[in-house]
Structures are given as C-alpha cells and as structure tokens.
Amino acid sequence: MTLNVSGGKVCADTPTKFHCSWKGGNPPVSVTLMYKNVSNTSKEEVELNVIPSKSHQTVKCLGIHIAANVSHEKNLTIYYPPKTIEIKADEPFLEGSKGILHCKAINGYPEKYSYRWDPNNNTSQNFTLPQLKRTHNNKVCTCYASNMCNKKRELHKTHWINVEYEPDITASEDVTLIENQASIVNCSAKGNPIPEVRLECRNHSFPSNSPFTFNRRNISDVFCVANAKSTKHGNLTSRKKINILLKYPPQVNIHISNETNNIIINCTAFDGNPDIYEYKLKQKWGNATKNTYTMNVLSINNPSFNNTGTWVCHVSNEDFHVNKSSNYKIPVKPIFSSISNNPKKRNVSIGESVIFKQCFYSHPKSDVKWQKNEKLIDSNKYSTTDYLSSEFPFKGICTSLKIEDIKDNDFGTYRLRVQYSIETEIITFTLKSKEITELSLGMIIGCSVGTVLLLIILGLLAYKCHKIRDVEGTDETISYKQNNMDDANGNISREPDKQCTEISDLRYLWMKQPDMDDAYVNDSQTPGTVENQYAEISHPKYLCMKKREAVEDQYAEISHPKYLCMKKPDMDDAYINDSQTPGTVEVQYAEVSEHIYLEIKQRDMDVAYINVPKFLEITSEGRHNGPVVRSVDSRS
C-alpha cells in the first residue's frame, strides 16, 4: 500500500492532490483515503484543501481485504502565508531629517518573507527617505509581504508619512490701508501640527482677525506670527513682516482774491497719498448747483451779482473726495422772490384767516416792518424766518403777517417796509371784503353780451369802408363856394361840420386850374380827434400851387397852420397842414393873416374844406389875382 502527496508540499487553503493505492491481492481490495471528516474510496487522485491546524496534519489510507485489513498514515507539513503586516517608524519626522519605515510580516509559515514598497518598487524590508520635506507629509507608502504560499496573493499595508514642519504663512508683503479706518490685516498659516496665528505690532500681540487703525503719526510694521506645538519637537514658529502703507486724503484750501474789476478763485490740494488730484469748482445758490468748472483756478472779470454764492472746491484722489467752500458776497439791495409769495390782493369774508407773505434777499440784511394804513404793526404779530432757495445765493428772509378771524376793521391796505441802508422798499398788500368785490352773474353776462355786440358793429363798419374803397372815381368836380366873405379877399368863416380822422400815410391832391400847372398837397397827418375844431399838425405840410404865367413857381409861406379837410372812400375826414413849402428854392413869400376855407366836392365823398392863403383873391366871377383852384384829383 502507498500514499502519495503531489508536489510533496502542502500550503494551507491551497488545493492539494492525494493518491492512495494497494497493489496485489485476490480478490481486489477496497482502498479509502481519509482526512478530517472526508472519506474517499476513489482509486484516482483526490484534491483536498488542508488547513493549518495541528489536529488536522495527518492523512490516512485504509485498505480492506478478505484476507487482511491494512492502514497507512502520513503526517503533513502545512505551509501558510502571513496573517498581518506591521510598519514601524520613528514618527513624527521633522522636516529636513532622515525618515525610515520598517515593514514586518507576522504569523506566516515558513517565516521567510519577500517584501516590496510602493512607490519606487523598493524590495527592501525598510523604506528610507534620506531628507524629509514638508511635501512628504501625508504621502502614502504601501508595504507588500509574501512567502511561498501567497506569492500571487501578497499581503499589504498602507502608511501615511507624518512630517512636522514650521508653519507656512500666507500674507502680503505690502498692505495698503485707509488712514483712520479700522481694517483687518489678512494673515493665515498652514502647518503640521496646525498652527495658531497672531499679529504683533509695537511689541503687542493680537488675534489674527483683530482690526487695526493707523494714521500718519503712528504707522508701524506688523508681523504675522504662526506657532505649531509639537509633542516631539516642541514649538515650531514662523514670522513674516508686513509693510503697512497708508492712503490719506489731501489738505484742501480755497481762496477768493477780490481785485479791482476782477476776482480769482484759487483751489489748492497738498499732502495726500496718492498725490494725483482731480479738481472741480462749483458755484452754489442754496442747495442748487449754478455752475461747474473742471479747473482749480478761475478768473472772473467784472464780477456781478450772478457770480456771488458759495464756491466749493472739490478735490479727489483714488479713494478720497474732499471739498472746501468759501462765500463770495457783494452788497445787494433787496431782491424779492417770485416763487415763495402769496397774492398781494385778497378778497375774503368776515371770520376767515389770511396770510400775507413775502420772501427776499439782501446783503447786508434788511430790517422789516409791517404797517396797516400807515400805522406800524407790533413785531410780535408777524414772523421772520430764514429762506433757502435756488433763487438767491445765500439764505434770504421770509416775513409773514397772519390775520385771523377777520373783522370789518381788518380790511384795508397793508404795507411791508424793507429797510436797506438808507433806502426803503415798500410792498403793498390789499385786504378787501368778498361781498363788495364779487361780481354778480347778471353783470358778467351783460358785459359779455355788450362785448359781442360791439365786435359786430365794428365788423359792419369795416365791411362798409371796404365797399366804398372799391368804388372807382377818376374825375372829380369840385365847386367852390364862398360863404360870409367880407370882400373879394375875405376869410371864409364857416368851419367844416364833420370831425376829421388822421391819415397815417402821405396823401397828395392834384389840383388843376385852366391857367396853371399841377399843384400837390401833402396831407400826411391830421389834427387831434375833436368835434368841429381844427388842431395843428406837428410836422409842416405843403400846398404847392402854380399861378398864372405872370407868376412862376412862387410859394407863399403861411404863418399859421392851414388845414385841408378831405373825404375819401376808405377814410373819414382828413386835415392837411400846408404851412410851409418843400425844398429850398428861390420863391416869393406873402404872409397870410387870416384863414380862408374852400369847400371841395367829390362824387363819392362829402364836403371837404381847404384853407388857402389870403392872397388868392377870388372875385364874384370866379377870377382872382393868384392861382385859381379848379379841380382836385385825390391820389394816395
């Protein structure tokens, strides 16, 4: 009988082939392989998984024959891989030192192991780092271990390297802060162990989130300090200097120099950081901006009231805006507001209340007094307040007089007296009873109807005049009558019966006589509008007449104004002053002491009268020594 084990080696948990046989004998024998609780009667090889146990290290082969029973046992040597791995190191390591990781497999048989490390695939049992860096901290290293039974299934363990180092501080080298403004200086740190971060300034320590306030006089450098406490290496400390830079606003001055017929507004800025400035000059009246100039020096020639006001200098650099103002004033007598006032005339009923209000500005300030019917009103019955408006460059004054529960004796005239230097301005207010001043509905309707009727009448008259103007008339025969003449050279005493109207444009009458050339009369203006009276015209008018052949181009100057009353289709009567002659010519003059009127007839007009000189001697036969007027052709 034989008992064979394939390969001669047995690894736990690894399938192993066993073969049990018994040769010879008649009849054939029965063979059984026995291991643990396994019993196999196959004549072939049998695969069994052995376990690393001292009570199960024997395999038995049992043969049964009619002649005899035979058994055979064999003790097995069982190998098995390691159960655990240990990695030992003298941690925590310190940055800059040497680091060794030692790997050891435990509880395997045989105790001959193979090792390797990942990374680097180092096959040594120890993994050595000659000079540790902070970048090695938390780096992963894995140790693999095996013996003959687990070469394909290596046991492994992972390890994180622990390297301690001084904290790594994060902070800016230069920090810019605003002067006198509380600010936090950013400072942080990373390290192993986790550090505590603080700020140090002027030998004092502050938490990292503490605000700092600096100005130009107490500026100082700040240090960021990070401290990591190690149980093996003690305190690991780092320090970093932070330079503090300050930004601060400039100093601003504004100066208004008042020279003869000129003012200069000068704005200057200095001692600011950064020192690059932008300037604006603004002129303000009240809260309103009147003018803006992008400059720092402004020159104004012949300054006036419009240049007064508050001049504000605005200066800006990167982070600051500073302004400074100066007032420019000139003497100004009271200027009254056109906005913040009440009506000057009030119609109210008895029992009502009313407020009279007036706002104004003057420089220097004026005194105010109220009067009623020339009698002063006590100052405690009216008020005076400041008035700020874009109407004026500076604060003005509003004075108000309140009259409550109005009675009959409250009606009348109220006066506001504004005393400025030696001058006094007076504003008049009127308070009347509403019952007296109210117009009845009937009166309003009557006025409206009368106005409409008047417009209709004027329209009809205009239409009639237009129709008369359209009547054509070329030849007019004018007869001359003599009334109440004392003799052949007498003055016609009867005046025209109709009122005459002024003519705005020049008119000329063309007068013909059988024995003389043309004569023209300028009738540009008439006397005033009076009934049956004649008024002198301020500018001399001329009557140019031709006499018989015995007299050539002689003009007679008339010492008193003479008038020609004429009717035309498009106008009422007109009078002409023919007191002087046009031009400077050599003529003979004859003084006329009395007025003579000639009545002129025209086919489309009433009677017209002409005042002629006395030297035109008219006889009973119609003859005379001077020029005789036969006909008149009226042309405009």
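**Ground rules**

I number residues from 1 along each chain as its sequence is written, and I leave hydrogens and water out, so that side-chain values use heavy atoms. Because the model is predicted, local features need pLDDT of at least 70, side-chain atom pairs count only at pLDDT 80 or more, and totals for chains, interfaces and linings use all residues.

**Entry 1: the open sheet**

I looked up a sheet first. I took helices and strands as DSSP runs, numbered from the N terminus (helices are H or I, at least four residues; strands are E, at least two). I counted two strands as paired if DSSP finds at least two bridges between them.

In what order do the four strands of the open sheet stand? I read 29-28-31-32, with antiparallel pairing. Strand 29 (288–293) and strand 32 (321–328) are at the edges. Each has a single partner strand, so one side of each is left without a neighbour in the sheet. From one strand to the next, the twist averages 25 degrees. For such angles, axes are lines fitted to C-alpha atoms (for helices over the stretch in contact), and angles run from 0 to 180 degrees between N-to-C directions.

Strand 28 (residues 278–285) meets strand 29 in the antiparallel sense, over five bridges. Glutamine 283 has asparagine 291, in strand 29, as its bridge partner. I noted the background too: strands of a sheet pair through backbone hydrogen bonds, either parallel or antiparallel.

**Entry 2**

How many bridges pair strand 26 with strand 27? I found nine, in the antiparallel sense, between strand 26 (residues 251–259) and strand 27 (residues 262–270). Asparagine 253 has threonine 268 in strand 27 as its bridge partner. This hairpin has two residues between the strands, and asparagine 261 takes a positive phi near 60 degrees.

Next I looked at strand 21 (residues 196–201) and strand 22 (residues 204–207). They run antiparallel and are joined by four bridges. Glutamate 200 is bridged to serine 205 in strand 22. Here too I read a hairpin with two residues between the strands. Arginine 202 in the turn has a positive phi of about 50 degrees.

**Entry 3: the disulfides**

I searched the whole structure and got five disulfides. My cut-off was a pair of cysteine sulfur atoms within 2.5 Å. A disulfide is a covalent bond between the sulfur atoms of two cysteines.

I started with cysteine 11 and cysteine 149, whose sulfur atoms are 2.3 Å apart. The angle about the S-S bond is -75 degrees, and this link is left-handed. Cysteine 11 lies in strand 2 (residues 10–11), and cysteine 149 in the loop between strand 15 (140–146) and strand 16 (155–160), so the pair ties together parts 138 residues apart in sequence.

Are these two cysteines buried or exposed? I call a residue buried under 20% relative accessible area, exposed over 50%, and partly exposed in between (1.4 Å probe, protein chains only). Cysteine 11 has 11% and is buried. Cysteine 149 has 10% and is buried.

The sulfur atoms of cysteine 187 and cysteine 224 are 1.4 Å apart in their disulfide. Cysteine 187 is in the loop between strand 19 (183–184) and strand 20 (188–192), cysteine 224 is in strand 24 (residues 222–230), and the two are 37 residues apart. Both are buried.

In the disulfide of cysteine 359 and cysteine 398, the sulfur atoms are 1.8 Å apart. The torsion about the S-S bond is about 100 degrees, so this disulfide is right-handed. Cysteine 359 lies in strand 35 (residues 354–363) and cysteine 398 in strand 39 (residues 396–403), so the pair ties together parts 39 residues apart in sequence. Both cysteines are buried.

I also checked two further cysteines. Cysteine 141 is buried at 0% relative accessible area. Cysteine 201 is buried at 3%.

**Entry 4: one buried leucine**

I found leucine 101 in strand 12 (residues 99–106). At 1% relative accessibility, leucine 101 is buried. The C-alpha atoms of leucine 101 and glutamate 91 are separated by 9.3 Å, and the residues are ten apart along the chain.

**Entry 5: isoleucine 456**

Where does isoleucine 456 sit? I placed it in helix 2 (residues 441–469). Isoleucine 456 is partly exposed, at 46% relative accessible area.
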